[in-house]
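Here is a friendly set of questions and answers for a first look. Take a moment with the view below, then read on.

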Amino acid sequence: MKLELRGITKRFGALVANDHIDLVVEPGEIHALLGENGAGKSTLMNVLYGFYDPDDGEILVDDRPVEFAGPGDAMAAGIGMVHQHFMLVPVFTVAENVVLGYEPVKGGGMIDLAAARRRVKEISDRFGFDVDPDAMVEDLPVGAQQRVEIIKALSRDAKVLILDEPTAVLTPQETDELIAIMRQLKAAGTSIVFITHKLREVRAVADRITVIRRGKVVGSARPDSAETELASLMVGRSVSLGVDRAPAQAGEVALQVRNLSVLDDAGVRQVDDVSFDVARGEIVAVAGVQGNGQTELTEVILGLQQPVAGSVVLDGTELVGRTVKQVLDAGVGFVPEDRTEDGVVADFSVAENLILDLYDRAPFARGISLDPRKVQENAERRTVEFDVRTPSVDAHAGTLSGGNQQKVVLAREMSRPLRLFIASQPTRGLDVGSIEFVHQRIVQERDTGTPVIIVSTELDEVLALADRIVVMYRGRIVGIVPGGTDRDVLGLMMAGVPQAEAVQQAATHHTVLGEADIEASEEESK
Amino acid sequence: MSAVAAPAPARAAAGKPLPPISYKAPIAYGAVAAVALLLFGILPASGRETSFTMFAPGENIEFTVPSKPTAIVLCLIALGLAAWSFQATRTRRKVGVWLPAVYAVVLVFALLTWAVAGKAQPLPLTSLLQGSLFLAVPLVFGALAGLVSERSGIINIAIEGQLLAGAFLAAVVATITSSAYAGLIAAPIAGALVSALLVAFAIKYVVDQIIVGVVLNVLVVGITSYLFSTVLKENAGTLNTPPRLPTLPIPGLADIPVIGPVLFRQTILVYLMYVVVIVLQVLVFRSRWGLRMRAVGEHPKAADTVGIKVNRTRVWNTLLGGAIAGLGGAFFTVANGLAFGKEMTGGKGFIALAAMILGRWSPKGALAAALLFGFADNLQVVLGIIGTPIPSQIMLMTPYVVTIFAVAGLVGRVRAPAAEGIAYVK
């Protein structure tokens with residue numbers, strides 16, 4: 001099936017999310033839609049899927065114009081979508097989720113569950129998915145849930161499958177399986193629209209690449225284009241993808257985490273007997289798939305949660321049992337993983353956000369009142385230093401872009417002398433330009449001799465920053481490896497494979513992306 | 001010992017880590033049974049006797065047991081059940097619903113044996129159960145009403161108002177038409193009207209559902225009380241003397257000893273209740289309507305992406321819920337042949353809400369919880385007549401104490417529909 005978008009325009013108030021976008025997806029091709037966060041990719045796909053009404057433009061299926069009043073119409077026209085946040089009901093079985101909305105029924109409106117199971121089984125077997133139709137979706141790992149989404153789309157005879165940032169939640173090995181599935185689907189004649197901002201993946205699977213920036217198509221590229229070329233198309237200027245950094249000058253050990261264990265409300269062990277050290281002047285990255293205890297680990301260090309066992313010693317001082325305020329006063333800087341929720345107060349001005357943890361000390365406090373002039377001055381200085389693009393320091397933080405909000409958080413946390421710096425997902429959802437800036441600032445902080453902990457689910461980020469890497473899986477440390485470790489080894493460890501075994505497995509079975517890495521480094525050495 | 005527990009960790013390796021074993025339920029079972037043993041069995045004086053009567057066709061069966069030994073035996077059985085539950089929990093086996101059910105029945109009998117000990121008047125078992133079922137009727141309808149709307153994502157706090165509106169309209173229509181059945185048809189319409197207001201505010205104007213529900217309860221109380229004092233009181237004869245629904249014994253079934261008269265010598269409203277419970281139990285979990293309703297209540301966006309109209313589904317289900325509650329309201333007037341009175345539902349709508357939660361949003365659970373509340377309600381009446389050592393206020397409290405403990409986690413994890421109370425706006 002051929003799918004064509006002509007002049008699609010979608011406005012939200014004054015914001016033009018999509019500005020006359022043209023896109024042609026030929027039958028049986030993998031078409032990558034590349035763009036930064038906020039470039040308008042997801043809006044475009046929601047228009048295509050009938051979720052939003054376009055303000056202008058038309059959609060053509062096999063050269064005939066169509067109109068979608070809702071997702072039901074889009075599905076009927078053969079368009080299937082796998083959303084970034086899965087559209088699955090957690091308490092339903094796989095079969096129930098797959099047939100929801102077009103259930104096979106027996107008499108009296110009763111669902112024919114046998115038919116539903118058969119439908120799942122048939123597609124699952126055809127592509128070797130190995131999904132149990134009777135499994136409860138909430139019990140499945142993320143990769144399997146994604147396959148359920150794909151089965152759901154295919155069972156409705158989707159001829160064009162839209163994958164919205166499908167690799168964001170996957171381990172590298174799961175990503176590899178997904179790439180294999182995409183190739184299989186293509187071979188079976190299904191067209192795929194692959195939405196992403198990850199250059200590496202685009203080059204590995206796409207037949208054609210369309211790049212959009214600020215709601216407009218800015219060009220198309222072939223998959224053999226260089227990564228830097230794609231990046232500059234996407235960002236609109238040339239960018240350096242790696243981080244320039246000297247080897248770490250690790251000093252003495254500053255932070256010692258020993259036998260730390262944390263239980264959640266249900267009594268499940270979220271952090272399980274974790275021990276590691278961080279030295280002055282080194283970056284330790286905690287790698288792992290989302291939800292394997294990293295969040296709890298950082299929150300315990302900060303004092304937001306109390307552990308059931310273990311200790312956290314910073315420069316000889318025990319942090320466990322102290323309040324957050326005391327921990328901050330001990331010299332810990334913290335960038336939370338959810339910046340809009342925990343990093344900034346959206347309704348406060350930029351200036352106020354910059355002193356959230358400094359408001360009660362000199363020079364900002366004067367007795368029981370604030371010194372507005374000092375707050376203002378501080379804000380003027382910090383916004384320049386950290387390149388925060390804001391109309392004024394009195395603007396509400398909520399009106400800033402994600403990248404600028406993150407710079408505000410960084411500016412605040414780095415504006416006092418630090419003995420430890422912790423950043424959780426420091427660049428999640430940021431554009432390439434901001435990522436570059438944030439990474440440089442983190443490396444600068446390290447070079448002044450501060451011990452740094454980075455928590456990241458992005459292997460690219462871990463590899464770009466880490467001097468040492470702590471890999472976590474289900475609350476435990478799988479292994480501690482040097483920075484620059486092979487990404488396939490890391491990927492396997494993130495799935496819980498012990499280090500020695502991971503090295504062995506990775507040596508014999510490379511993932512598509514890992515393979516690309518090796519080729520690139522071989523070419524360099526030639 | 002460890003060999004018995006060995007299979008459990010093996011399963012953990014395959015799936016998520018297993019949560020730690022919670023011994024709350026078995027410990028509570030054991031503690032309550034032990035206290036009962038002390039209060040009903042060991043402490044009371046020996047030598048007294050307890051009599052029960054049961055209604056059977058043509059005659060009354062009466063039997064008498066020695067109080068103290070009977071109570072002790074019953075409490076020991078309860079302790080045995082607690083031990084069983086402990087063992088099952090320890091080995092991570094699931095216990096069926098039979099265990100709490102049998103446990104409750106055994107303890108209730110122990111309580112009765114003690115409470116009626118030495119009284120001249122025997123305890124009428126048949127009428128105790130019959131009355132329990134009867135008192136449970138508005139609770140069952142109310143709980144099912146809440147279930148249908150909450151499963152689709154709309155919190156229905158207005159059950160009380162829907163019962164009251166149903167009671168009002170049933171009384172008036174039945175009086176005007178001189179037909180109790182006409183009243184039975186009018187009642188659901190009144191309930192649905194209250195639901196219509198609920199969805200109009202909750203969905204169209206995205207007002208907080210709990211606030212709308214509370215306001216609607218007050219509104220219905222106000223309107224019905226106003227109409228009662230201005231219109232019904234003066235014209236009681238022409239507007240507020242509803243005929244009573246006739247009792248329709250089902251031939252054959254009604255003659256079964258003990259349960260026959262309890263279950264099958266009832267009015268059509270009770271038979272309708274059986275039908276609604278059974279039909280909903282099947283439809284909610286196995287029909288297309290039920291699957292879509294639950295999808296909308298759990299993950300509305302997912303439902304929307306497969307072409308299900310979220311808000312339309314919610315509107316229809318809430319209207320249906322209101323109709324069910326309205327039907328339950330007919331209990332207060334036409335089912336009893338009583339005139340409508342101000343605020344005559346007396347908070348039954350809120351107890352129905354508790355029954356829905358205790359029943360974990362399932363029709364059969366709601367039925368069981370409502371029967372429990374109905375039983376406690378009626379027990380207090382019956383024991384009051386016979387005269388017992390327990391103050392009636394304590395008896396009245398029991399169902400609510402049970403609810404609080406149950407909802408606080410004794411019956412296991414109670415999970416509400418994930419999206420309930422959250423308006424769906426694209």
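Q: How many helices and strands does chain B have?
A: This is a predicted model, in which local features need pLDDT of at least 70, side-chain atom pairs count only at pLDDT 80 or more, and totals for chains, interfaces and linings use all residues. Residues are numbered from 1 along each chain as its sequence is written, chains are lettered from A and ligands numbered from 1 in the order in which they are written, and side-chain values use heavy atoms, leaving out hydrogens and water. Helices (H or I, at least four residues) and strands (E, at least two) are DSSP runs, numbered from the N terminus. On that basis, chain B comes to 18 helices and five strands.

Q: What is the radius of gyration of chain B, and why does it count as compact?
A: The radius of gyration is taken over C-alpha atoms, and the globule rule is 2.2 Å times the number of residues to the power 0.38. For 426 residues the rule gives 22 Å, and the value for chain B is close to that, so chain B is as compact as a globular protein of that length. Its radius of gyration is 24 Å.

Q: What share of the residues of chain B is buried?
A: Buried means under 20% relative accessible area, exposed means over 50%, and partly exposed lies in between (1.4 Å probe, protein chains only). Of the 426 residues of chain B, the buried share is 50%.

Q: At what angle do helices α6 and α15 of chain B cross?
A: Helix α6 of chain B covers residues 125-151 and helix α15 of chain B covers residues 310-329, and their axes come within 8 Å. Axes are lines fitted to C-alpha atoms, for helices over the stretch in contact, and angles run from 0 to 180 degrees between N-to-C directions. The crossing angle is roughly 175 degrees.

Q: Which term describes how α6(B) runs relative to α15(B)?
A: Angles under 35 degrees count as roughly parallel, over 145 as roughly antiparallel, 65 to 115 as roughly perpendicular and the rest as oblique. The axes cross at roughly 175 degrees. That makes the pair roughly antiparallel.

Q: Which residues of α6(B) make the contact with α15(B)?
A: Contact means heavy atoms within 4.5 Å. On the α15(B) side, the residues include B:Leu320, B:Gly321 and B:Ile324. On the α6(B) side they are B:Pro138, B:Phe141, B:Leu144, B:Ala145, B:Val148 and B:Ser149.

Q: How many residues of α1(A) are buried?
A: Among the buried residues of α1(A) are A:Thr43, A:Leu44 and A:Met45. The helix is largely enclosed by the rest of the structure, because the buried ones number seven of the eight.

Q: Which residues does A:Tyr52 touch, not counting those up to four places away in sequence?
A: A:Tyr52 lies in the loop between α1 (41-48) and β4 of chain A. At 26% relative accessibility, it counts as partly exposed. The residues it touches are A:Lys10, A:Phe12, A:Thr43, A:Asn46 and A:Val47.

Q: Is A:Asp157 buried or exposed?
A: A:Asp157 sits in the loop between α5 (142-155) and β7 (160-164) of chain A. It has a positive phi of about 55 degrees although it is not a glycine. With a relative accessible area of 52%, A:Asp157 is exposed.
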